[in-house]
Amino acid sequence: MNSICEVELDALVLSEPVVKMSYGIEQLKEILVRYKRLSGKTDNFLVYFSDGLDVDISKDTYIKIKGELRSTIIKDDIGIFPKVYIMAKEIIVLEKEPSPYENRVNIKDGILTDSPRIRKSYDDKNIDIAEV
């Protein structure tokens with residue numbers, strides 16, 4: 001069974017788009033983005049998107065990404081490790097920094113490998129959060 005984890009993230013673009021692969025007349029591009037959790041901590045993700053999305057992205061802009069969270073295994077001289085990335089289905093360039101960041105993860109299909117754990121949020125709001 002394949003797992004599909006849909007994500008919707010507001011993020012800051014940290015790098016200019018780089019062409020990673022060409023197929024036919026389309027190109028697959030890569031950017032590095034940073035999104036902020038509700039706790040204030042940040043995470044960086046690689047995002048891949050087709051130039052068929054027809055979006056003009058540049059470093060230091062804010063974007064909304066809708067797509068799938070995917071993973072693969074990388075093997076190099078250092079060792080074997082997982083690589084997690086987002087395959088974008090839609091990217092919207094935002095006019096200004098979003099406030100607050102709206103980050104959503106929707107697991108459509110998958111297998112739980114452990115029981116969910118409930119913890120409290122790191123901020124003073126003391127919200128229950130499920131970690132899976």
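Glu8 is buried, with a relative accessible area of 19%; here buried means under 20% relative accessible area, exposed means over 50%, and partly exposed is in between (1.4 Å probe, protein chains only). This is a predicted model, where local features need pLDDT of at least 70 and side-chain atom pairs count only at pLDDT 80 or more, while totals for chains, interfaces and linings use all residues. Residues are numbered from 1 along each chain as its sequence is written, and side-chain values use heavy atoms, with hydrogens and water left out.

**Salt bridges**

- Searching the whole structure turns up five salt bridges, each being a side-chain nitrogen of Lys or Arg within 4 Å of a carboxyl oxygen of Asp or Glu.
- One of them joins the side chains of Glu8 and Lys64, at 3.7 Å from N to O.
- That pair links distant parts of the chain, with Glu8 in strand 1 (residues 4-13) and Lys64 in strand 5 (residues 62-75), 56 residues apart. Strands (E, at least two residues) are DSSP runs, numbered from the N terminus.
- Lys64 is buried too, with a relative accessible area of 15%.
- Asp10 also forms a salt bridge with Lys64, and here the closest N and O atoms are 2.8 Å apart.
- Since Asp10 lies in strand 1 and Lys64 in strand 5, this pair ties together parts that are 54 residues apart in sequence.
- Arg70 counts as partly exposed at 34% relative accessibility, whereas Glu68 counts as buried at 15%.

**Aromatic pairs**

- There are two aromatic pairs in the structure. Rings of Phe, Tyr and Trp (its six-membered ring) pair if their centres lie within 6.5 Å, and planes under 30 degrees apart count as stacked, over 60 as edge-to-face and the rest as tilted.
- Tyr35 and Phe45 have ring centres 5.8 Å apart and planes at 15°, so they are stacked.
- Tyr35 sits in strand 3 (residues 26-36) and Phe45 in strand 4 (residues 42-50), so the pair ties together parts that are ten residues apart in sequence.
- Tyr35 is buried at 14% relative accessible area, and Phe45 counts as buried at 16%.
- Tyr48 and Tyr85 have ring centres 5.4 Å apart and planes at 90°, so that pair is edge-to-face.
- Tyr48 lies in strand 4 and Tyr85 in strand 6 (residues 80-94), so the pair ties together parts that are 37 residues apart in sequence.
- Both Tyr48 and Tyr85 are buried.

**Around strand 6**

- What sits over the ring of Tyr85? The charged end of Lys83 does, 5.9 Å from the ring centre; the test is NZ of Lys or CZ of Arg within 6 Å of the ring centre and within 35 degrees of the ring normal.
- Phe81 lies in strand 6 and is partly exposed, with a relative accessible area of 34%.
- Phe81 touches Thr72, Ile73, Ile74 and Asp76, leaving aside residues up to four places away in sequence; contact means heavy atoms within 4.5 Å.

**How the strands pair**

- Strand 3 and strand 4 run antiparallel and are joined by nine bridges; two strands pair if DSSP finds at least two bridges between them.
- Glu30 has Tyr48 in strand 4 as its bridge partner.
- Strands 3 and 4 form a hairpin with five residues between them, and Gly40 in the turn has a positive phi of about 100°.
- Strand 4 and strand 6 run parallel, with three bridges joining them.
- Leu46 stands opposite Tyr85 in strand 6.

Technical notes:
Helices (H or I, at least four residues) and strands (E, at least two) are DSSP runs, numbered from the N terminus.
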